[in-house]
Amino acid sequence: MGQLIYSGITSLDGYLADSQGNFDWSAPDEEVHAFVNDLERDAGTYLFGRRMYEVMSVWETWDTAGEPSVIQDYARIWRGADKVVYSSTLATASTDRTRIERTFNPKTVRAMKDGTDKNIGIGGATLAAAALRAGLVDECQIFLNPVAVGGGLRFLPDGLNLRLDLLEERRFSNGVVYLRYRCLA
């Protein structure tokens, strides 16, 4: 059975983006990016909300030939995975290996998990909140950046009661701290 993993690069105060929607402070350096790539290699499918999909879809067409090897590597990982985009407004997908679902259905995601031995990544705070509330998320992987942004889009939604078990931690030379948690029932 596949694991549903929610990953995010956050500020120390728990935000994926600041109150203006900016997340440039979260750009990983080469060391962090290489670590992320290694985590993502086992992803067979990504589940995205529309906004996260639009941000991530750059990996489909970006000519990475002159870019660092970590960038080229991630582009290969992205292109090799299936994508499911949950959107009521997106008419068509702009990337290969992508299908659009109009609504999030926990039963469908549970069947997806049961039908694979690969990890399933989930991206986008709103979509992840629905999966967390439905008890579908097996792990949360958080990359805490040494910055506070004071407000914006939260990694974990308000009102969520969730117990977590720390599985792994790692500190990077740029001050980022990686935390991997199992979600407990």
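Mentor: Helices here are DSSP runs of H or I with at least four residues, strands are DSSP runs of E with at least two, and both are numbered from the N terminus. The model is predicted.

Trainee: Between which strands does the loop with Arg-97 lie?
Mentor: Arg-97 has a phi near 55°, a positive value in a residue other than glycine. Most residues other than glycine have a negative phi. The loop that holds Arg-97 lies between strand 4 and strand 5 (98–101).

Trainee: Is Arg-97 buried, partly exposed or exposed?
Mentor: Buried means under 20% relative accessible area and exposed means over 50%. Arg-97 has 44% relative accessibility, so the residue counts as partly exposed.

Trainee: Which residue just after helix 6 takes a positive phi?
Mentor: Helix 6 has several buried residues, including Ala-125, Leu-127 and Leu-132. Just after this helix, a phi of about 75° is found at Gly-135.

Trainee: Which element gives the largest share of the largest nonpolar core?
Mentor: This core has 25 residues, and those with the most contacts inside it include Leu-4, Tyr-6 and Ile-122. Among the elements that give two or more residues to the core are strand 1 (4–11), helix 5 (106–114) and helix 6 (125–133). The largest share, five residues, comes from helix 6.

Trainee: How many residues does the other core have, apart from this one?
Mentor: In soluble globular proteins, nonpolar side chains tend to be buried together. The other core includes Tyr-53, Tyr-74, Ala-81 and Leu-90, and its count of residues is 15.

Trainee: Is Lys-113 buried or exposed?
Mentor: Lys-113 is found in helix 5. Leaving aside neighbours within four places in sequence, its contacts include Met-1, Leu-4, Ile-120 and Asp-138. With a relative accessible area of 5%, Lys-113 is buried.

Trainee: How many residues of strand 3 are buried?
Mentor: Strand 3 pairs with strand 6 in the parallel sense over five bridges, and Ala-43 stands opposite Asn-119 in strand 6. Strand 3 also pairs with strand 4 in the parallel sense over five bridges, where Tyr-46 stands opposite Lys-83. Strand 3 is largely enclosed by the rest of the structure, because its count of buried residues is seven of the seven.

Trainee: How many residues apart in sequence are the parts that the pair of Phe-48 and Trp-78 ties together?
Mentor: This aromatic pair is tilted, with 5.6 Å centre to centre and 40° between the planes. Phe-48 and Trp-78 are both buried. Phe-48 lies in strand 3 (residues 43–49) and Trp-78 in helix 4 (residues 69–80), so the parts tied together are apart in sequence by 30 residues.

Trainee: Which residue lies over the face of Trp-78?
Mentor: A charge sits over a ring if NZ of Lys or CZ of Arg is within 6 Å of the ring centre and within 35 degrees of the ring normal. At 4.6 Å from the ring centre of Trp-78 lies Lys-83.

Trainee: Which residues are linked with Phe-172 into a cluster by ring pairs?
Mentor: Phe-172 lies in the loop between strand 9 (163–171) and strand 10, and it counts as buried at 2% relative accessibility. Not counting residues up to four places away in sequence, Phe-172 touches Glu-31 and Val-32, among others. Ring pairs link Phe-172 into a cluster with Phe-35, Phe-143 and Tyr-178.

Trainee: How far is the sulfur of Cys-140 from the closest cysteine sulfur?
Mentor: Cys-140 counts as buried at 1% relative accessibility, and Cys-183 counts as buried at 15%. The whole structure has zero disulfides. A disulfide needs sulfur atoms within 2.5 Å. The closest sulfur to that of Cys-140 is in Cys-183, too far for a bond at 3.8 Å.

Key. Residues are numbered from 1 along each chain as its sequence is written. This is a predicted model: local features need pLDDT of at least 70, side-chain atom pairs count only at pLDDT 80 or more; totals for chains, interfaces and linings use all residues. Side-chain values use heavy atoms; hydrogens and water are left out. Rings of Phe, Tyr and Trp (its six-membered ring) pair if their centres lie within 6.5 Å; planes under 30 degrees apart count as stacked, over 60 as edge-to-face and the rest as tilted. Buried means under 20% relative accessible area, exposed over 50%, partly exposed in between (1.4 Å probe, protein chains only). A nonpolar core is a set of buried Ala, Val, Leu, Ile, Met, Phe, Trp, Tyr and Cys residues joined through side-chain atoms within 4.5 Å. Contact means heavy atoms within 4.5 Å. Two strands pair if DSSP finds at least two bridges between them.
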